Amino acid sequence: MKKILIIEDEPSIRELVNYNLKVNGYEVLEAGDGNVGMDMVYSEKPDLILLDIMLPGKDGFEICRELRNAGIKTPIIMLTAKNEETDKVRGLDFGADDYISKPFGIREMMARIKAVLRRYDVADIPGISPETETNSHTITVGDLVIDPDRYVVTEGGKEIEFTLKEFELLRFLAENRGHVFTRDEILDKVWGIDYVGETRTVDVHIRHLRKKLSQGDEDKYIETIRGKGYKIK
Ligand code: CA
């Protein structure tokens, strides 16, 4: 279900829009203040924003400009009150996708929303909202499935809990399956070049991984190459 955020300080308009969007199958969020609305863009990640211009807290022009400057590409339809505002939206590039002049009809509003959403779906522009890219690059090693997007590892369908570093170590080795890495290389790649630690750190984490994987069947996935380092078989 697409989520639409309406930022508008006039309760009667919010109510009217909210009702009609819900009837048409959208999830609706409301904000009556610019600052609150801005926060909700980040916390709620709507699929589209209906944005009034004259608002308490922060006006619609500012909100639009700040979101675009922050690289947020969520489609925005401005709700303009007077001819003057309409001219301004037309004449200046605030990064809005469309505008609707008040008073507007519900049918017109629905048509604009559908058109803008369709345009975005086709263009597949990555905003902050889409739940895309899940499962697109899971890594499989035997019974192990590593999902880098969700930080989840399963073995034979059962989830295994790892610390962040254990997870990153496992992912790194799995991504480079078959390749042998020295402890120094692993420290560098997984812990970062600035990490001041001993190579023993790697051994400790490998031990933890092995203990959690396959009930401690030591060499099932991770192989120790004597005098060199580790690899995933
Ligand atoms: Ca207003």
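## Helix pair α2 and α3

The crossing of α2 and α3 is right-handed (left-handed if the near helix is turned anticlockwise from the far one by less than a right angle, right-handed if clockwise). Their packing angle is about 25 degrees, and the axes lie 10 Å apart. Axes are lines fitted to C-alpha atoms, for helices over the stretch in contact; angles run from 0 to 180 degrees between N-to-C directions. α2 and α3 are therefore roughly parallel to each other (under 35 degrees; over 145 is roughly antiparallel, 65 to 115 roughly perpendicular, the rest oblique).

From α2, Gly 34, Met 38, Val 41 and Tyr 42 meet Ile 63, Glu 66 and Leu 67 of α3. Contact means heavy atoms within 4.5 Å. Helices (H or I, at least four residues) and strands (E, at least two) are DSSP runs, numbered from the N terminus.

## Basis of the model

This is a predicted model: local features need pLDDT of at least 70, side-chain atom pairs count only at pLDDT 80 or more, and totals for chains, interfaces and linings use all residues. Residues are numbered from 1 along each chain as its sequence is written, and side-chain values use heavy atoms, with hydrogens and water left out.

## The sheet

Five strands form an open sheet in the order β2-β1-β3-β4-β5, with parallel pairing. Two strands pair if DSSP finds at least two bridges between them. β2 (27-31) and β5 (98-101) stand at the edges with a single partner strand each, so one side of each has no neighbour in the sheet. On average, neighbouring strands are turned by 20 degrees against each other, direction ignored.

Strands β3 (residues 48-52) and β4 (residues 76-80) run parallel and are joined by four bridges. Leu 50 has Ile 77 in β4 as its bridge partner. Helix α3 (residues 60-69) packs on the sheet, touching β3 and β4, and its direction makes about 170 degrees with that of β4. Helix α2 (residues 34-44) lies across β1 (3-7), β2 and β3, at about 165 degrees to β1.

## Calcium site

Asp 9 (OD), Asp 52 (OD) and Met 54 (O) coordinate the calcium ion at 2.1 to 2.4 Å. Donors are N, O and S atoms within 2.8 Å of the metal (3.2 Å for Na, K and Ca); water is not among the atoms, so sites may look incomplete. The donor spacing in sequence is D-x42-D-x1-M.

Asp 52 counts as buried, at 3% relative accessibility. Met 54 is exposed, at 53%. Buried means under 20% relative accessible area, exposed over 50%, partly exposed in between (1.4 Å probe, protein chains only).

## Leu 117

Leu 117 sits in helix α5 (residues 106-123). Leu 117 counts as buried, at 7% relative accessibility. Leaving out residues up to four places away in sequence, Leu 117 touches Lys 2, Tyr 26, Asp 47 and Leu 48.
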